[in-house]
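Biologist: I am new to this model and would like a close look at one part of it. Please take the aromatic side chains and go through them slowly.

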Amino acid sequence: MAAAGGGGGGRACFVLGASGETGRALLRELLSRRLFTRVTLIGRRRLSLGEEAAGVEQAVVDFERLGEHAAAFQGHDVGFCCLGTTRAKAGADGFVRVDRDYVAQAAELARAGGCKHFVLQSSQGANAQSRFLYLRVKGEVENLVQAVGFDRCTILRPAVLLCKRQESRPVEWITQQFLGVVAQVCPTAYSVPVETVARAMVASVLQPGTGKVDVLENRAIHELGKAMPQQGT
């Protein structure tokens, strides 16, 4: 992949969670903007990618033995993390293991491998003291990632993600239809398209941070994502 100048030119990045909705949108952004000379997808299986992703590297890892895959995290300037699952899909213990433990360990390996800037997709309402498991785990992983000591850490807290999922989630589909209508009236209140989140993640790398840790709430994600010109426009 050829670099196209900007803050990412000549550098390398990795993506965790590229098989998810936000991760796929993020990969499309990275490929279309050609900001990094090397893009590595780190996941539990290889993904089938199109010809436009011919230069993308893929590292297959066992997240249960992630420490044995330290080499996969070597030599990246920026790390993007969209890794996550749901309690319905993985159970309570599985959700905690994926969304907190895997992410925290990956962050530690990334920092040891030379990563300077870690960009984490979290959730609106994340709070380590919350009585709700989902929000508590998101708050806990935010704290763990910050404690790793990256030069820069950007945390995005999107509201409900608007997307067309490949897997069937009927209740979520109904919710998205409702929020899609609400978004026409209050576009930054309760939801955000995954494409906007992806653009905001990329934009956070290109713009100077306000401090060592930047936390972007849903409105800020909308603003940053819109400030990043869409490719082809």
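Biologist: What is the relative accessible area of tyrosine 134, and which class does that put this residue in?

Modeller: Tyrosine 134 has a relative accessible area of 40% and is partly exposed; buried means under 20%, exposed over 50%, and partly exposed in between, with a 1.4 Å probe and protein chains only. The model is predicted: local features need pLDDT of at least 70, side-chain atom pairs count only at pLDDT 80 or more, and totals for chains, interfaces and linings use all residues. Residues are numbered from 1 along each chain as its sequence is written, and side-chain values use heavy atoms, with hydrogens and water left out.

Rings of Phe, Tyr and Trp (its six-membered ring) pair if their centres lie within 6.5 Å; planes under 30 degrees apart count as stacked, over 60 as edge-to-face and the rest as tilted. The count comes to six aromatic pairs. One of them joins phenylalanine 14 and phenylalanine 73, with centres 5.6 Å apart and planes at 85°, so this pair is edge-to-face. Phenylalanine 14 is in strand E1 (residues 11–16), and phenylalanine 73, 59 residues away, is in the loop between strands E3 (57–60) and E4 (78–81). Helices (H or I, at least four residues) and strands (E, at least two) are DSSP runs, numbered from the N terminus. Phenylalanine 14 is buried at 0%, and phenylalanine 73 is buried at 0%.

Tyrosine 134 pairs with phenylalanine 95; the two rings are stacked, 5.6 Å centre to centre with 20° between the planes. Phenylalanine 95 lies in helix H2 (residues 87–112) and tyrosine 134 in helix H3 (residues 133–148), so the pair ties together parts 39 residues apart in sequence. Phenylalanine 95 is buried, at 1%. Elsewhere, Phe14, Phe73, Phe118 and Phe150 form one aromatic cluster.
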